Amino acid sequence: MSVLTRGEAQTRAQLLDIHRYTISLDLTTGGEDTFDSLTVIQFTSRTAGDTFVELKPAVLRSATLDGQPLDPETLDGNRLPLTGLAAGRHELRTDASMRYSRTGEGMHRFTDPTDGETYLYTQLFMDDVQRVFAAFDQPDLKAVFELNVTAPDGWTVLGNGITEHQGHGRWTVAPTPRISTYLVAVAAGPWHSVRTQHAGLPFGIHCRRSLAPYLDADADEILDITRQCFDRYHEKFEEPYPFDSYDQAFVPEFNAGAMENPGLVTFRDEFIYRSAVTDTERQTRAMVIAHEMAHMWFGDLVTLRWWDDIWLNESFAEYMGYQTLTEATRFTGTWVDFGIVRKSWGYDADQRPTTHPVAPDPAAVPDTASAMLNFDGISYAKGASALRQIVAWLGEKDFLAGINTHFARHKFANATLADFIESLAHTTDRDVHAWAQRWLRTSGVDTLTPTISTADGTWTLAVDHDGGRPHRIAVGTYDKAPAEPGRLVLRERFELDVPQSDADVATTRPGRRPDLVLLNDGDLTYAKVRLDPASWDTAVRSLSGLPDPLARAVIWNAARDMVRDGELPPTAYLEAARAHLPHESDLAIVQGVLAFASTQIADRYLPHVSRPAALATLTAICRDLIRRTEGGDGAGLRLTAVRHFIGSATQPDGIQDWLTSGSVPGGPELDPELRWRILHRLAVLGAADETAIAAELDQDPTATGQEGAARCRAALPDATAKREAWERMFASDSLSNYLFSATAQGFWQPEQADLVREYVPQYYPAAVALAARRGPAIAEAAGRYAFPLHAADTESLRLGEECLRTTEMIPALRRKLADQLDDLRRALEVRGTERRR
């Protein structure tokens, strides 16, 4: 299959103007393997010339251009040539049989093991529209789309517009405004739906029937968040919501968190909670709702011209999602979660060899395969941080004025970085072009380090700036509360531009030096920060006594960065967590710190001999949190502590007792999520077997239960179990994307390093072959979940580097392996700092 290059897209956009697609999908033919797709495309060729249309059929039955038959045998991979086009209007018709997907790409087909019902949905991003219908598949060839869908009796069909059932299983979808090919969406099946109206528009939320009770339990919350964000965006944006309805479908085995299809947003249906969750997890769901709704304007109404500007979609939606959630809903602390979770994703990506600017040079994104690699922490978290910084620099009034200018200039069309910056520059006297060059066109993370001196009743702050971007930050100064040991009180918070002018290279303030001086207080910029020695000593002693959770998040991020950079031993981070997490009140911080301490420090950054002590520290922290919440307060803290206690258990007896009794003493009762979590840990420790897994699956025969069973079976410390799991992943193509990921998650365990050592050298050729065979979605899963994370040794690194150097592989896998190997290299270096302590 050929990937589309930027040059080819530019040539085709100059030649063609696409008017309308009329698409008929028949989901009642072909059984479980294929469906029928009939496409009519009306377009104009501005001049005479040759071009092509893209299609990935099982069988191309026929194609006609202006009534004249085309030879289906001329289909070359995914390209059907259209030669000798005359200037003027044309009509292309294709009739094809298309394959269903089991990997979340194209038209995904899923049969619910709970009740046997089947569901279909599309995910057409980047170039997967070609798996469903013929298309001139590039974002700047927008058109009107009109769909007709024939579905089995009893099914409901959802689409980008209002759908109507015409009888006999035939559904029509209202024609769209001009949108890009990758935004077309269909979802079909016996959906359970909750419908309402808001602002004169039909709103709906939808899920599998087996999840109906769980959707109903949360329907008011989901719809309230939807309405609140919708209203807030209409206060911010002058351009009204541009589509005729707003449906949100929670679909099975979805690869991303969600997809911003106009009028039909699709979400992974893990957001319909079967088991207890924390309020931070509810906040995450709300943020995704806000993020995808922001895309209705930035991404759907105004769309990038080519994929080098993907940040225009994702950074904007990421920033607006967090900011709007903070302003319009009960989730007012969202920037803490952004700081502790999302920004670390950006910082990590930006320090790898695969880093790229937020807005990469066009030459760096020559085709669709390379474009897909930029959906990472840079395009999301770093880009959102850059927007948050420009809001701090311009002011929100001028920023929103620029946004609204951009919408007015480019609605239902396409735009570039230059267009966006010009729209911002139109509303301010500041040099936005220079700001964009330094923030959006450069890669890497700046580091800000304070130096503090004292003299004559004053103290002076100088900031060493390692990097090239301007930063507007707040500096927080804190003192120890004299009557309350361990508590800090804010003395002053002031703004500072970094770098400062040549005439003002330091800032002098009256009084004695504060006990803690914190750069980037409020977390308004994107940079690593360090603390001076006296401030670090105060933080180590009094971090949980700092009154502002955002300030605490900045310090925890600084500690995390210091560990990763070899400046703080991993055990020192664990000691700080042991001292302060039992007193931490912000759930996002507790979750973020425990996640880093367990998955990075205990699992990777410490040598194997030090792992038991690290797990003991983690269980002690969790035990303290469980005791602290015994009275019923802090259910989210308690649930978080219980989850991590299970994951850190080194002996099976305690958690086995929980599983047997069906409850943690003092609560919570064990729901399916906790039961599978315990059983997985017991399997790792050799305290569970196939009989126990099968019995649990009998109790929970759902799709999630099947994933839990796959994860547990792969985690069994048995040579036969490992061999069978390996063959399911790499020798058979029968696993869906979710079952593949679950099996991979169970396979590699730190406690089983000797048992699986023989598979480390087998992994690289097996992953390359699998990716070539099954495509980007499975390649990404193989690189993320099936990579031997816990084989942290120089031989694994050598094998991986040799594979990258000598082996051809698809770009999706190459990017994942490059990132994983860099993380492995860093882990080995960090282990060295611990040994030298």
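Trainee: Is C803 buried or exposed in this model?
Mentor: The model is a predicted one, and the call rests on relative accessible area, where buried means under 20%. C803 has a relative accessible area of 8%. That value falls under the cut-off, so C803 is buried.

Trainee: And C207, buried or exposed?
Mentor: The relative accessible area of C207 is 0%. With the cut-off for buried at under 20%, C207 is therefore buried.

Trainee: How many disulfides does the structure hold?
Mentor: A disulfide would need a pair of cysteine sulfur atoms within 2.5 Å. By that criterion, the number of disulfides in the structure is zero.

Trainee: How are helices α13 and α14 oriented to each other, roughly parallel or roughly antiparallel?
Mentor: Helix α13 covers residues 570-580 and helix α14 covers residues 587-605. They pack at an angle of about 150°, with their axes 11 Å apart. Angles over 145 degrees count as roughly antiparallel, so α13 and α14 are roughly antiparallel.

Trainee: What is the handedness of the crossing of α13 and α14?
Mentor: The two helices pack with their axes 11 Å apart. Where α13 passes α14, the crossing is left-handed.

Trainee: How many nonpolar residues are in the contact of α13 with α14?
Mentor: From α13 come P570, Y573, L574 and A577, and they meet V593, F596, A597, I601 and Y605 of α14. The contact has no polar and no charged residues. The count of nonpolar residues is nine.

Trainee: How many residues of α13 are buried?
Mentor: The buried residues of α13 include P570, Y573, L574 and A577, which also take part in the contact with α14. T571, A572, A576 and H580 are buried as well. Helix α13 is mostly covered, and of its eleven residues the buried number is eight.

Trainee: How do α12 and α14 run, roughly parallel or roughly antiparallel?
Mentor: Helix α12, residues 549-564, packs with α14 at an angle of about 10°, and the axes are 11 Å apart. Angles under 35 degrees count as roughly parallel. The two helices are therefore roughly parallel.

Trainee: How many charged residues are in the contact of α12 with α14?
Mentor: On the α12 side are P549, R552, A553, W556, R560, V563 and R564, and on the α14 side are I589, V593, F596 and Y605. By class, eight residues are nonpolar and none is polar. The number of charged residues is three.

Trainee: Which residues does T743 touch, neighbours up to four places away in sequence not counted?
Mentor: T743 is in helix α22, residues 737-747. Its relative accessibility is 1%, so T743 counts as buried. The residues it touches are A710, A714, A725, M729 and L735.

Trainee: Which residues is I693 in contact with, leaving aside neighbours within four places in sequence?
Mentor: I693 is found in helix α19, residues 690-699, and at 0% relative accessibility it counts as buried. Its contacts are W676, L679, A709, C712, R713 and L716.

Trainee: Where is P499, and what kind of peptide bond joins it to V498?
Mentor: P499 lies in the loop between β25 (488-498) and β26 (507-510). Omega of the bond between V498 and P499 is about 0°. The bond is cis.

Trainee: What is omega for the cis peptide bond from G667 to P668?
Mentor: P668 is placed in the loop between α17 (653-661) and α18 (672-684). For the cis bond from G667 to P668, omega is near 10°.

Trainee: Is A199 buried or exposed?
Mentor: A199 is in the loop between β15 (192-198) and β16 (201-207). Its phi is near 55°, a positive value in a residue other than glycine. Exposed means over 50% relative accessible area, and at 56% A199 therefore counts as exposed.

Trainee: What is phi of F412?
Mentor: F412 lies in the loop between α8 (396-410) and β21 (413-415). At 27% relative accessibility, F412 counts as partly exposed. Its phi is positive in a residue other than glycine, with a value near 60°.

Definitions and conventions
Residues numbered from 1 in each chain as written. Predicted model: local features only at pLDDT ≥ 70, side-chain atom pairs only at ≥ 80, totals over all residues. Heavy atoms only, no water. Axes fitted to C-alpha atoms, helices over the stretch in contact; angles between N-to-C directions. Helix = DSSP H or I, 4+ residues; strand = E, 2+ residues; numbered from the N terminus. Parallel < 35°, antiparallel > 145°, perpendicular 65-115°, else oblique. Left-handed = near helix turned anticlockwise from the far one by under 90°. Contact = heavy atoms within 4.5 Å. Nonpolar A, V, L, I, M, F, W, Y, C, P; charged D, E, K, R; others polar. Buried < 20%, exposed > 50% of the residue type's maximum accessible area, 1.4 Å probe, protein only.
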